[in-house]
Amino acid sequence: MADKLFLIVPCYNEEEVLPETAKRLREKYTALIGAGLISPESRVVFVNDGSRDSTWQIIQELHRSDAMFSGIDLAHNSGHQNAVLAGLMTVRDICDVSITMDADLQDDINAIDEMLVKYYEGNHVVYGVRSARKTDTFFKRFTARSFYRFMKLMGADVVYDHADFRLMSARVLRELAGFREVNLFLRGLVPLIGFQSCKVYYERHERFAGKSKYPLGKMLSFAINGITSFSTKPLKLITAIGFIMSAISAAAIIWAFVVKLLGHSELGWSSTMCSIWFIGGIQILALGIIGEYVGKIYAEVKQRPRYIVAEFLNDIGGNEIAEKDS
């Protein structure tokens with residue numbers, strides 16, 4: 001018998017695109033069930049991440065009209081990564097396999113077929129990887145490629161051109177539940193779990209409707225969180241810079257002493273000011289990097305819940321699943 005697939009779709013102010021997303025996913029699920037790739041008990045789970053529009057009302061109506069659709073309402077906005085985790089952890093004991101994708105229809109739902117084939121071939125994790133970035137602006141292409149390269153340089157094991165469109169077996173979800181960090185970066189976390197994995201390539205589409213929920217500021221914050229959550233190399237880099245600056249300072253002291261002995265003790269104002277500003281900039285940068293790590297330690301030790309499930313609309317497994325520790 002085919003396995004139960006639970007598709008997790010995080011939603012934040014997605015009222016414009018959600019009806020079309022539900023329509024296309026209903027068609028896809030009907031085809032997958034007909035092909036014997038998934039069980040008729042498979043579900044699409046929309047996770048409402050504290051939306052301010054009518055997203056949750058649309059999810060409720062979808063659930064009432066079709067049991068294929070389930071919904072999770074978070075008590076407040078927890079962020080994209082936590083919304084994805086909330087969906088995965090809520091369904092981990094009632095599904096055989098899960099797939100996460102965004103609600104904006106940029107991820108190609110036709111790639112789900114190949115993901116499931118790879119899963120049945122024995123892969124516990126299947127990464128959806130973009131084959132091209134034709135729909136991106138030059139700036140976004142450049143920054144995205146720079147981000148992945150920098151993450152690799154910093155020692156984080158991330159899959160190039162992979163976002164959060166991925167398949168994970170129930171066994172992987174159970175292992176994922178053991179990772180309790182508050183500063184969540186699933187793109188780096190999932191590869192740490194291990195198990196047999198592979199990639200499925202797809203072409204990303206334009207957003208169907210609505211606006212992107214990841215402007216430049218959030219993208220930068222996401223990148224910093226990913227780097228500081230999975231690598232201590234920035235701290236080691238500070239140490240290396242400290243040694244280099246110490247060596248330069250020692251050389252400068254020797255040079256100043258020699259100049260003094262030779263009677264040429266007039267020092268230029270420009271070189272002095274440049275040195276002060278340069279060293280001051282290095283110190284502030286170092287303090288900022290250290291502050292990022294201290295802030296993450298502060299968030300981790302408080303052990304606050306990463307999300308709170310207010311309601312779980314589902315006809316398999318019962319709503320008591322919403323009471324699980326988050």
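User: Which residues does T55 touch, not counting those up to four places away in sequence?

Analyst: T55 touches C11, N13, E14, E15, L18 and N48; contact here means heavy atoms within 4.5 Å. Before we go on, this is a predicted model, in which local features need pLDDT of at least 70 and side-chain atom pairs count only at pLDDT 80 or more, while totals for chains, interfaces and linings use all residues. Residues are numbered from 1 along each chain as its sequence is written, and side-chain values use heavy atoms, with hydrogens and water left out.

User: Thanks! Does T55 count as buried or exposed, and how do you know?

Analyst: T55 has 0% relative accessibility, and buried means under 20% relative accessible area, exposed over 50% and partly exposed in between, with a 1.4 Å probe and protein chains only. T55 therefore counts as buried. This residue is found in helix α2, residues 55-65; helices are DSSP runs of H or I with at least four residues, strands are runs of E with at least two, and both are numbered from the N terminus.

User: What makes the meeting of the E61 and R64 side chains a salt bridge?

Analyst: The distance from N to O is 3.1 Å. A salt bridge needs a side-chain nitrogen of Lys or Arg within 4 Å of a carboxyl oxygen of Asp or Glu, so the pair qualifies. Side chains of opposite charge can pair when their charged atoms come close. By this rule the count comes to six salt bridges.

User: Where do E61 and R64 sit relative to each other in helix α2?

Analyst: They are three residues apart in α2, and so are separated by about one helical turn. E61, at 42% relative accessibility, counts as partly exposed, whereas R64, at 58%, counts as exposed.

User: Which residues are linked with D164 in a network of salt bridges?

Analyst: The network links D164, R166 and R187. D164 meets R166 at 2.9 Å, N to O, and D164 meets R187 at 3.8 Å. D164 lies in strand β6 and R187 in helix α7, so this second pair ties together parts that are 23 residues apart in sequence.

User: Why is the link between R166 and D164 also called a polar contact?

Analyst: Their side chains are joined at 2.9 Å. A polar contact is a pair of N or O atoms within 3.5 Å; within protein, one must be able to donate a hydrogen and the other to accept it, and residues adjacent in sequence count only if both atoms are side-chain atoms.

User: What makes helix α7 mostly covered?

Analyst: Seven of the eight residues of α7 (186-193) are buried, among them L186, R187 and I193. After α7 comes G194, whose phi is positive, near 95°.

User: In what order do the eight strands form the open sheet?

Analyst: The order is β7-β5-β6-β4-β1-β2-β3-β8, with mixed pairing; two strands pair if DSSP finds at least two bridges between them. β7 (197-202) and β8 (309-313) stand at the edges, each with a single partner strand, so one side of each is left without a neighbour in the sheet.

User: How do you know that strand β1 pairs with strand β4?

Analyst: Four bridges join β1 (residues 5-11) to β4 (residues 97-100), and the two run parallel. The definition asks for at least two, so β1 and β4 pair. In β4, the bridge partner of I8 is T100.

User: Why is the aromatic pair of F165 and Y202 called edge-to-face?

Analyst: The ring centres of F165 and Y202 are 5.2 Å apart, with 90° between the planes. Rings of Phe, Tyr and Trp (its six-membered ring) pair if their centres lie within 6.5 Å; planes under 30 degrees apart count as stacked, over 60 as edge-to-face and the rest as tilted. The pair is therefore edge-to-face. F165 lies in strand β6 and Y202 in strand β7, so the pair ties together parts that are 37 residues apart in sequence. F165 counts as buried at 1% relative accessibility, and Y202 is buried, with a relative accessible area of 3%.
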